[in-house]
Amino acid sequence: MNAIQTDGLTKYYGKTRGVEHIDLTVREGAFFGFIGPNGAGKSTTIRMLLGLIRPSKGRAQILGLDTLKEREKLLARVGYLPSEVSFYPGMRVKDILKLSADLRKRDCRKMSGLLCERLQLDTTRKVEELSFGNRKKTAIICALQHEPELLIFDEPTSGLDPLMQREFFEILRERNKAGSTIFLSSHILSEIQHNCTDTAMIKDGTLLAKDSISALSRTETRRIHIRGTVSLDSLTGVKNLRSTAENIDFLYSGDMNALLQTLSRGSIQDITVTEPDLEEIFLHYYEKGGDGI
């Protein structure tokens with residue numbers, strides 16, 4: 001059984017496009033990255049997955065449950081962190097955590113205490129006294145404390161300092177290792193590269209690519225950096241060329257023998273050949289509308 005399965009999921013707001021024809025499969029136990037720029041449709045997709053908004057067309061299942069017909073059952077098995085967090089005013093953190101646990105009819109005091117300690121959250125503070133980062137920590141613990149099978153996080157690290165970001169991802173990796181499925185929405189490419197096993201890219205409400213991180217990273221293109229001077233005018237397969245007086249940097253997908261012959265006619269002090277960074281691959285997808293490097 002897949003943790004998440006969508007078929008033709010589509011949402012329009014009047015005549016305005018939300019997302020179109022989202023066919024998404026997330027296997028159980030995956031650490032899945034859902035990546036795209038702001039406004040790409042990530043949050044709209046997540047809200048449909050949770051049954052919070054009704055799709056215009058298509059359907060979705062979470063843990064084998066229909067997101068509209070069986071929403072209450074699936075929400076009991078999911079931990080959700082929205083991109084924007086708000087709480088009832090006047091409440092203390094400990095009351096918010098208890099309310100969240102009570103809504104699920106669970107005693108989460110032990111796990112809540114462990115998570116508060118790891119994320120350095122003072123539970124005696126009132127909501128009005130919390131910084132943006134501490135409000136985000138409170139919401140993270142609400143999503144984690146009942147130890148759900150599926151964790152859905154929408155832009156989770158905004159507001160967290162680097163040390164808390166590191167601890168947050170350590171907690172997610174532990175949960176994933178224990179069997180939980182992680183669905184992480186982000187526009188920060190490094191978060192996806194360093195933590196996820198699988199990913200899907202979305203732009204303008206449409207999926208551009210979906211595969212494992214390793215498969216999307218697999219390419220014949222190389223990043224070439226040259227210190228020296230040489231003319232590349234006759235060389236095919238050169239992309240994203242950047243050059244200064246004595247430094248030349250470009251992506252190359254052509255014949256390596258042709259490259260070496262061209263370089264032999266120049267004045268080369270040094271050359272570095274590497275695989276392109278995952279960020280370059282993703283950005284190329286966004287710019288070219290689905291054509292990989």
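How much space lies in the largest pocket?

Guide: Happy to. A word on the ground rules before we go in. This is a predicted model, so local features need pLDDT of at least 70 and side-chain atom pairs count only at pLDDT 80 or more, while totals for chains, interfaces and linings use all residues. Residues are numbered from 1 along each chain as its sequence is written, and side-chain values use heavy atoms, with hydrogens and water left out.

Now the pocket. About 880 Å³ of space lies in the largest one. The search runs on a 1 Å grid over the protein atoms alone, and a pocket is an open set of points where a 1.4 Å probe fits, with protein on both sides within 12 Å along at least five of seven lines. Grid points are joined across faces, edges and corners, and the volume is the space filled by probe spheres set on them.

Who stands around it? The lining, meaning residues with an atom within 4 Å of a point, has 21 members, and those closest to the centre are Tyr 80, Ser 100, Leu 103, Arg 104 and Cys 142. Four elements each supply at least two lining residues: α2, β6 (78–81), α3 (93–103) and α5 (132–144). These names come from DSSP runs numbered from the N terminus, with helices (H or I) of at least four residues and strands (E) of at least two. The largest share, four residues, comes from α3. By class, the lining holds 15 nonpolar, two polar and four charged residues. Here Ala, Val, Leu, Ile, Met, Phe, Trp, Tyr, Cys and Pro count as nonpolar, Asp, Glu, Lys and Arg as charged, and the others, Gly among them, as polar.

Let's stop at one of those central residues. Ser 100 lies in helix α3. At 11% relative accessibility, Ser 100 counts as buried; that word means under 20% relative accessible area, with exposed over 50% and partly exposed in between (1.4 Å probe, protein chains only). Leaving aside neighbours within four places in sequence, Ser 100 is in contact with Cys 142 and Gln 145, where contact means heavy atoms within 4.5 Å. Cys 142 is also among the residues closest to the centre of the largest pocket.

Follow α3 and you'll meet another space. The second largest pocket has a volume of about 190 Å³. Its lining counts 14 residues, and Leu 97, Lys 98, Cys 108, Arg 109 and Ser 112 lie nearest the centre. Here α3 and α4 (109–118) each give at least two lining residues, and α3 has the largest share with five. The make-up by class is four nonpolar, four polar and six charged residues.

That brings us to α4. Its buried residues are Ser 112, Leu 115 and Cys 116. Looking down the axis of α4, you'd find them within an arc of 100°, so they line one face of the helix; the arc is that of the directions from the helix axis to the C-beta atoms. What covers the buried residues of α4 includes α3, α5 and α6. On the face turned away from that buried side sit the exposed residues Lys 110 and Glu 117. Just after α4, Gln 120 takes a positive phi of about 55°.

One last stop is α6 (residues 162–177), where Arg 173 and Glu 170 are three residues apart, about one helical turn. The two form a salt bridge, their closest N and O atoms being 3.2 Å apart; the term asks for a side-chain nitrogen of Lys or Arg within 4 Å of a carboxyl oxygen of Asp or Glu. Arg 173 is partly exposed at 34%, and Glu 170 is partly exposed too, at 33%. Salt bridges that share partners also join Arg 118, Glu 167 and Glu 174 into one network. Across the whole structure, the search finds twelve salt bridges.
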